[in-house]
Amino acid sequence: MDIVEGMELPAKTFTITRADLVRYAGASGDFNVIHWNERIAKDVGLPDVIAHGMLTMGLAIQVVTDWLEDPSRLLSYGCRFTRPVVVPDDADGAQLTVSGTVGGVADGVATITLRAVCQDVTVLSKATATIKVA
Amino acid sequence: MALNPDFVGRTYPPAPAYLVGREKIREFARALGSTDPIHLDLVAARDRGYPDLVAPPTYAIRLSMAAAENVVMDPELGLDYTKVVHGDQRFEYSRPIVAGDELVCTVTIDAIRSAAGNDMLTTRADIATVDGEHVVTSYSVLVARGTDGGDA
């Protein structure tokens, strides 16, 4: 596959439920109460329980790694956590949609810009991955 | 309360080596809903040239956040942990983490600044094998939100 500027990566939509937050808390060791306790989340001024930023970040990069089929080609990955992903206490949870575009290719390295959107709000900004082109 | 700027450049002694386990990688991958067999199936990982299961790219946060806890809890630094949120995160990879890696994580305070009443702390966690091979560096910006009418 030739990686060229402007290429669109296949987008993915992820469902995040309260059960997913509990599972991620256990797997990551991040037990911050705002990710599972609605009372405390609201006490600190959040609308409801929110997803771990690192869960959102970990889901978003799958758009790149599933496309590449080789994680060793990932050189860097970063983002800013701009807005929280609010996860309601229902069966539907939150829907996170992630898409990516190849922003540029230079010296064997491609820069991919990711967009992560939940309820029409961009939740990650400056989400960028660099990959080895070959 | 402003952070102590004298802490920029300070490096904390590393925690004991972290042994990356296969089941921890599977657990982390499943928590992310990843279906790539490279994280789950030993035969698939070896077929693709890896010595063992490959960790998802954000797995390094397990090590870097645990190591950074010592830093943010340091009372002399002056960070109010109850107000801290994760602002930015970036990883720079030399290679993926694989099961069986014994990793040492060394945390350095890269930058401290204040803006709009918030304190921002940038930590750099260098993650290498016990033999000194660099694997990944994790940069985290932690933001301590200022209180209304605070002294920032």
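In what order do the elements of chain B run from the N terminus on?

Mentor: The structure is a predicted model, in which local features need pLDDT of at least 70 and side-chain atom pairs count only at pLDDT 80 or more, while totals for chains, interfaces and linings use all residues. Residues are numbered from 1 along each chain as its sequence is written, chains are lettered from A and ligands numbered from 1 in the order in which they are written, and side-chain values use heavy atoms, with hydrogens and water left out.

From the N terminus on, the order in chain B is β-β-α-α-α-β-β-β-β, which amounts to three helices and six strands. These elements are DSSP runs numbered from the N terminus (helices: H or I, at least four residues; strands: E, at least two). Chain A has four helices and five strands, arranged along the sequence as β-α-α-α-α-β-β-β-β. Along the principal axes, the C-alpha trace of chain B spans about 60 × 30 × 20 Å, and the C-alpha atoms of chain A fill a box of roughly 50 × 30 × 25 Å.

Now to the part you asked about. On the criterion of heavy atoms within 4.5 Å, the contact draws on 27 residues of chain A and 25 residues of chain B. Between them the chains bury about 2200 Å², with 58% of this on carbon and sulfur atoms. Of the area that chain A buries against chain B, 24% is supplied by A:A27, A:M54 and A:P71, more than by any other three residues. Buried area here is the accessible area (1.4 Å probe) that two parts lose on being put together, summed over both.

Charge pairing across the interface comes to one salt bridge, a term for a side-chain nitrogen of Lys or Arg within 4 Å of a carboxyl oxygen of Asp or Glu. The partners are the side chains of A:R80 and B:D88, at 3.1 Å from N to O. A polar contact is a pair of N or O atoms within 3.5 Å; within protein, one must be able to donate a hydrogen and the other to accept it, and residues adjacent in sequence count only if both atoms are side-chain atoms. Ten residue pairs across the interface, both residues at pLDDT 80 or more, are in polar contact. On the side of chain A that touches chain B, at least two residues each come from helix 1 (18-28), helix 3 (53-60), helix 4 (62-68) and strand 2 (74-81) of chain A. Strand 2 of chain A gives the largest share of that side, eight residues. By type, the residues of that side are 13 nonpolar, nine polar and five charged. In this division Ala, Val, Leu, Ile, Met, Phe, Trp, Tyr, Cys and Pro are nonpolar, Asp, Glu, Lys and Arg are charged, and the others, Gly among them, are polar.

A:Y77 has B:F91 as its bridge partner, and A:S76 stands opposite B:E92.

Strand 2 of chain A pairs in the antiparallel sense with strand 5 (residues 121-132) of chain A over six bridges, among them that of A:L74 with A:I131. Strand 5 of chain A is in turn joined by eight bridges to strand 4 (residues 109-118) of chain A, again antiparallel, and there A:V109 is partnered by A:K132.

Over all chains the structure holds four aromatic pairs. The ring centres of A:Y24 and B:F28 are 5.7 Å apart and the planes are at 55°, so this pair is tilted. A:Y24 belongs to helix 1 of chain A and B:F28 to helix 1 (residues 22-31) of chain B, so the pair joins two chains. Rings of Phe, Tyr and Trp (its six-membered ring) pair if their centres lie within 6.5 Å, and planes under 30 degrees apart count as stacked, over 60 as edge-to-face and the rest as tilted.

Technical notes: Two strands pair if DSSP finds at least two bridges between them.
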